[in-house]
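Here is a short briefing on one protein model. Keep the sequence and the 3D view side by side as you read.

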Amino acid sequence: LSQPMFYLSSYLQSNRDEYCVRLQNVSRKDGWNGWIAFFLKAITAQAENNSAKVKSIMGLYESMKSRIQDITHSQYTVQLLDAIFDRPIFETTDFLKRTGIHKPTAMGLLRQLKVANILHELRPGSGRCAAVLCFPELLNIAEGRKIL
């Protein structure tokens, strides 16, 4: 993922009014205790959210392991799975380099995952330009909302 998937800013944005008031109170009323309490509450809430995301990602990994094996019947299931979890948005050429799977085999596996709607094509390959694929289920968990 291009950005960290665990960050505090989402909590601060969703509680923007309280965030601004607490921050102003630090300089206006020496309100450090209120600011610290708010910030610790933010950290706790975000840690709980992150923990839930991690559990969802781990569950997705386990379910995908058997699903991909059932679809592809390939000896490369774990390599394939690890590659799409490592980079859920990728160019096919990068995938080939990272997995070391022979090109015709890798392209066949990726095609099977596209047909099964596990991977989606963001940009088709054309000439020297590699296709860009993504793994929406992982991206949606990481973002905490449906993006694809």
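The model is predicted.

**Helix H7 and its end**

- Helix H7 covers residues 136-143.
- Its buried residues are Pro136, Leu138, Leu139, Asn140 and Ala142.
- Several elements cover these buried residues, including helices H3 and H4.
- Strands S1 (89-91), S2 (120-123) and S3 (132-134) are also among the elements that cover them.

**The sheet**

- Strands of a sheet pair through backbone hydrogen bonds, either parallel or antiparallel.
- Here three strands form an open sheet in the order S1-S3-S2.
- The pairing in this sheet is antiparallel.
- S1 and S2 stand at the edges, and each has a single partner strand, so one side of each lacks a neighbour in the sheet.
- From one strand to the next, the twist averages 35°.
- S2 and S3 run antiparallel and are joined by three bridges.
- Find Arg123 in the view: it stands opposite Val132 in S3.

- Is Thr92 buried or exposed? Thr92 has a relative accessible area of 8%. Buried means under 20%, so Thr92 counts as buried.
- Thr92 lies in helix H5.
- Leaving aside neighbours within four places in sequence, Thr92 is in contact with Met107, Leu110, Ala130, Ala131 and Leu133.

- Two packed helices are described by the angle between their axes and the distance between the axes.
- The axes of H3 and H6 come within 10 Å and cross at roughly 110°. H3 and H6 are therefore roughly perpendicular to each other.
- The H3 and H6 crossing is right-handed.
- At this crossing, Ile68, Ile71 and Thr72 in H3 meet Leu109, Gln112 and Leu113 in H6.
- The axes of H3 and H4 come within 9 Å and cross at roughly 135°. These two helices are therefore oblique to each other.
- H3 passes H4 in a right-handed crossing.
- Where H3 and H4 meet, the H3 residues include Ile57, Leu60, Tyr61, Met64 and Ile68. Among the H4 residues they meet as a group are Val78, Leu80, Leu81, Ile84 and Phe85.

**The nonpolar cores**

- The largest nonpolar core has 22 residues.
- Which of them touch the most other members? They are Met64, Ile68, Phe85, Leu119 and Phe135.
- Helices H3 (32-72), H4 (77-86), H5 (92-99) and H6 (103-115) each supply at least two residues of this core.
- H4 gives the most, with five residues.
- A second, separate core has six residues, including Tyr11, Val26, Trp35 and Phe38.
- Now look at Leu119. Not counting residues up to four places away in sequence, Leu119 touches Ile84, Phe90, Leu110, Leu113, Lys114, Leu133, Cys134 and Phe135.

**Residues to find again**

- Ile68 is one of the H3 residues at the crossing with H6. Ile68 is also one of the H3 residues that meet H4. In the largest nonpolar core, Ile68 is among the residues that touch the most other members.
- Leu133 is in contact with Thr92. Leu119 touches Leu133 too.

How values were computed. Residues are numbered from 1 along each chain as its sequence is written. This is a predicted model: local features need pLDDT of at least 70, side-chain atom pairs count only at pLDDT 80 or more; totals for chains, interfaces and linings use all residues. Side-chain values use heavy atoms; hydrogens and water are left out. A nonpolar core is a set of buried Ala, Val, Leu, Ile, Met, Phe, Trp, Tyr and Cys residues joined through side-chain atoms within 4.5 Å. Buried means under 20% relative accessible area, exposed over 50%, partly exposed in between (1.4 Å probe, protein chains only). Helices (H or I, at least four residues) and strands (E, at least two) are DSSP runs, numbered from the N terminus. Contact means heavy atoms within 4.5 Å. Two strands pair if DSSP finds at least two bridges between them. Axes are lines fitted to C-alpha atoms, for helices over the stretch in contact, and angles run from 0 to 180 degrees between N-to-C directions. Angles under 35 degrees count as roughly parallel, over 145 as roughly antiparallel, 65 to 115 as roughly perpendicular and the rest as oblique. A crossing is left-handed if the near helix is turned anticlockwise from the far one by less than a right angle, and right-handed if clockwise.
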